[in-house]
Amino acid sequence: MAIQMTALTGVSQQDMQGKGNVGRPNPPGVSPEEMQRILDELPREVLAPAISRLATAQNDNNTRLAAKVNELSNSIPKKAEKANVLEKDNVTPYTPRKDYHPATVRHVREQIEAHGLSDQLHISEEERKLGRLAEKISVSAPAGSFTPAPGADFALTADSDVALVLNPPGGAGGRFLSMRGFLSIGPEGSADWGEGIMFADGKKPVLAAGSCYLLEYFYHPKTPEGPAGGWSVRCTRFQ
C-alpha cells in the first residue's frame, strides 16, 4: 500500500549564505533604502519561497493520501472478514457444512479413507437402490459371460457358481450410446473384463469379491480424428 509522497525540504545554511545583515560592518555604511532591502533579504528571498514550497508539497501529499484513503474505503466492503475465510496457511480444524463450503486437505483425506474410494461419495440414493436390486438378479449365461444390450440398463450378480466375464456391448453403428448397470460380486464370486473395452487410463479396474460396482458404458462412433469407434467403461466401486 505504498504511497509516493513528495519530499519536504527546509532552509539550509547555504540558502542563507550572504543574506541579511549578518557579517556586515558596523555601521554598515549604506543608505536607508539599501538597509531596508538588506533586512528584507532573508524573509523575502529565503523564508517565503521555502514556506511556499512546503505548502505546495504538503498539498500534493494530502491529495495523494486522500485518493489512497478513498481507494481503501471502496475496497474494504469487498474484503472478507478474517473470521469468515479459510486462510491458505490455516492449521485449525475445519469441517464444511454446506454444498459450497471450502474443504481442507485433511477433511478430504479423511473422507476418502472413511469410504474407501472418493467415487463412493457421488453415488445417489437412486443408484444405491438400483445396486440393491442387483442382489436379487443372477446371470447364468454360457461360460459365465455377459454382454450388455446397447442402450439398456442392467443389474447382475456374480456368485461362487459363475466366473463372470464382462464383454463389450454389441455394435452401435454411428450413434452415441450409453448404458449403465450394477454388478454385485458375492463373497466367493469372481468377475473380469472381456476383450474390446477401453479404459480411461488404459488399466482394467480389479473387480473384487464381496463388492458392488456401478458400470457405465459409452460408445464413441467413428470420427475423422479416431476412425475406430468402440466402447469405453467407467467403473465405480461403492460397496
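User: Is Arg44 buried or exposed?

Analyst: A residue is buried under 20% relative accessible area, exposed over 50%, and partly exposed in between (1.4 Å probe, protein chains only). Arg44 has a relative accessible area of 62%, so it is exposed. This is a predicted model, in which local features need pLDDT of at least 70 and side-chain atom pairs count only at pLDDT 80 or more, while totals for chains, interfaces and linings use all residues. Residues are numbered from 1 along each chain as its sequence is written, and side-chain values use heavy atoms, with hydrogens and water left out.

User: Which residue does Arg44 meet in a salt bridge?

Analyst: Side chains of opposite charge can pair when their charged atoms come close. A salt bridge has a side-chain nitrogen of Lys or Arg within 4 Å of a carboxyl oxygen of Asp or Glu. Arg44 meets Asp40 at 3.5 Å, N to O. The two are 4 residues apart in helix H2, about one helical turn (a helix is a DSSP run of H or I of at least four residues, a strand a run of E of at least two, numbered from the N terminus). Asp40, at 22% relative accessibility, is partly exposed. Salt bridges with shared partners also join Glu34, Arg37 and Glu41 into one network.

User: Which parts does the salt bridge of Glu45 and Lys19 tie together?

Analyst: The closest N and O atoms of Glu45 and Lys19 are 2.7 Å apart. Glu45 belongs to helix H2 and Lys19 to the loop between helix H1 (13–16) and H2, so the pair links parts 26 residues apart in sequence. Glu45 is partly exposed at 43%, as is Lys19 at 26%. The structure has 8 salt bridges in total.

User: Where is Asn61, and what does it contact?

Analyst: Asn61 lies in helix H2 (residues 32–75) and is buried, at 4% relative accessible area. Beyond its neighbours within four places in sequence, Asn61 contacts Met5, Thr6 and Leu8 (contact means heavy atoms within 4.5 Å).

User: What is the order of the strands in the open sheet?

Analyst: Strands pair if DSSP finds at least two bridges between them. The 5 strands follow the order S2-S4-S7-S8-S6, with mixed pairing. S2 (154–158) and S6 (197–198) are at the edges, each with a single partner strand, so one side of each lacks a neighbour in the sheet.

User: How many bridges join S7 to S8?

Analyst: S7 and S8 pair antiparallel over 8 bridges, with Glu216 opposite Arg234 in S8. S6 and S8, in contrast, pair in the parallel sense over 2 bridges. Strand S8 (residues 230–237) has 6 of its 8 residues buried, so the rest of the structure largely encloses it.
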